[in-house]
Amino acid sequence: MKPFGYVAAPDPASAVAMVSERPGAVFLGGGTNLVDLMKLGVAAPDMLVDVTGMLPSRIERTVRRDGEVGGGSLLIGAGVRNSDLAADPLVRAEFPVLAQAVLAGASGQLRNMATVGGNLLQRTRCLYFQDVTKPCNKRVPGSGCPARAGQHRNLAILGGSPHCVATHPSDMAVALAALDAVVHVEGAAEPRAVPITGPLGGLYRLPGDRPDRETTLERGDLITAVEIPPLAYAGNSAYRKVRDRTSYAFAVVSVAAALDVAGGVVRGARLALGAVAPVPWRARAAERVLAGRPATAEWFGRAADAELAMASPLPDNAFKLTLVRNVMVRMLAELAGDGS
């Protein structure tokens, strides 16, 4: 491991300045992903700027415009530990999809260390990205993507490019994408709010011909909080993760969903897919198909088919098409039974 310096930032502005002004500096949260990458030689910072002591670490309601606290957005500090997020009574009651997604990721020990902000920015687990003896466009732009002809079973079927088919590993980010969450960012410019995902773009970037640029954040930008806007039917939501083994494995396919059903008809749906794309994949085509349709397995299947129509699987991961469809249909059917 390359020698590095360490400094604990006293406040967000100081942390932003330290990283902005020093090309080899990076933010350090829980370190559950960064330290692994440093050990592998994938990441080689010369300065770690520890932000854990000054990032917001509370979960609270925002105040509505009318001055009332109830019914506002949920504001989650970027320094909140994953285990605390999953155990929070408000999150468990009103956003079960988020609590379930966090609990589906990693071990209890890792959840005790990992932070919300760091979870959103974790890097792919593609084998070629993590092996510095192999070419990888995400790690060394222009070196190639051997995954396309090599081991790609767990890689992308949506949103990939000839330059990269890696998948985003976060479970939490998939749930937040379904909930239309936004991240609050402090940087060299004015503080701003960036959607996790959106029709016109958001926090994450598709690889295109620059897979090394994974987010829209600029150097020195620091995520300080995540905000989830109110959603009346978020309580009728769930997260399902299919993995090769039950214990502590990254997803092969995952689905986050919230469903509003009345009189057997879908009034609203939020859907996002994980482990199938380089970003948390918001399933907007499926949502459009479901709106105003009967809450039946037939229509749930049609919605899944509409989303998967744009897929470009590789030979060894084409099975994900069937897997995504089956998980989505079953999950929506369960939610329709609970919320009809």
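Helices (H or I, at least four residues) and strands (E, at least two) are taken here as DSSP runs, numbered from the N terminus. The model is predicted, so local features need pLDDT of at least 70 and side-chain atom pairs count only at pLDDT 80 or more, whereas totals for chains, interfaces and linings use all residues. Residues are numbered from 1 along each chain as its sequence is written, and side-chain values use heavy atoms, with hydrogens and water left out.

View 1. D180 lies in the loop between helix 9 (172-178) and strand 6 (182-186), and it has a positive phi of about 60 degrees although it is not a glycine. A106, which is not a glycine either, has a positive phi of about 65 degrees and belongs to the loop between helix 5 (96-103) and helix 6 (108-113). Most residues other than glycine have a negative phi. Buried means under 20% relative accessible area and exposed over 50%, with partly exposed in between (1.4 Å probe, protein chains only). D180 counts as partly exposed because its relative accessibility is 27%, and A106 counts as partly exposed because its value is 33%.

View 2. Two strands pair if DSSP finds at least two bridges between them. Strand 6 and strand 7 (residues 192-195) pair in the antiparallel sense over four bridges, and V183 stands opposite V194 in strand 7. The hairpin that joins strand 6 to strand 7 runs through five residues.

**View 3. Strand 10 with strand 9 and strand 11.** Strand 9 (residues 237-243) pairs with strand 10 in the antiparallel sense over seven bridges, with Y239 opposite A256 in strand 10. Strand 10 also pairs with strand 11 (residues 265-274), again in the antiparallel sense, over nine bridges, and the bridge partner of A258 in strand 11 is R270. The hairpin of strand 10 and strand 11 has two residues between the strands, and G263 in this hairpin takes a positive phi near 60 degrees. Because 11 of its 12 residues are buried, strand 10 is largely enclosed by the rest of the structure.

**View 4. The second largest pocket.** On a 1 Å grid over the protein atoms alone, a cavity is a set of points where a 1.4 Å probe fits but cannot get out, a pocket is an open set with protein on both sides within 12 Å along at least five of seven lines, and lining residues have an atom within 4 Å of a point. Grid points are joined across faces, edges and corners, and a volume is the space filled by probe spheres set on the points. About 470 Å³ of space lies in the second largest pocket. Its lining has 27 residues, of which R125, N154, L155, F250 and A251 lie nearest the centre. Helix 8 (127-130) and strand 10 (251-262) are the elements that give two or more residues to this lining, and strand 10 gives the most, with three residues.

**View 5. The largest cavity.** The count comes to one cavity of 30 Å³ or more, and the volume of the largest cavity is about 90 Å³. Among its 17 lining residues, C126, C136, C145, A147 and C164 lie nearest the centre.
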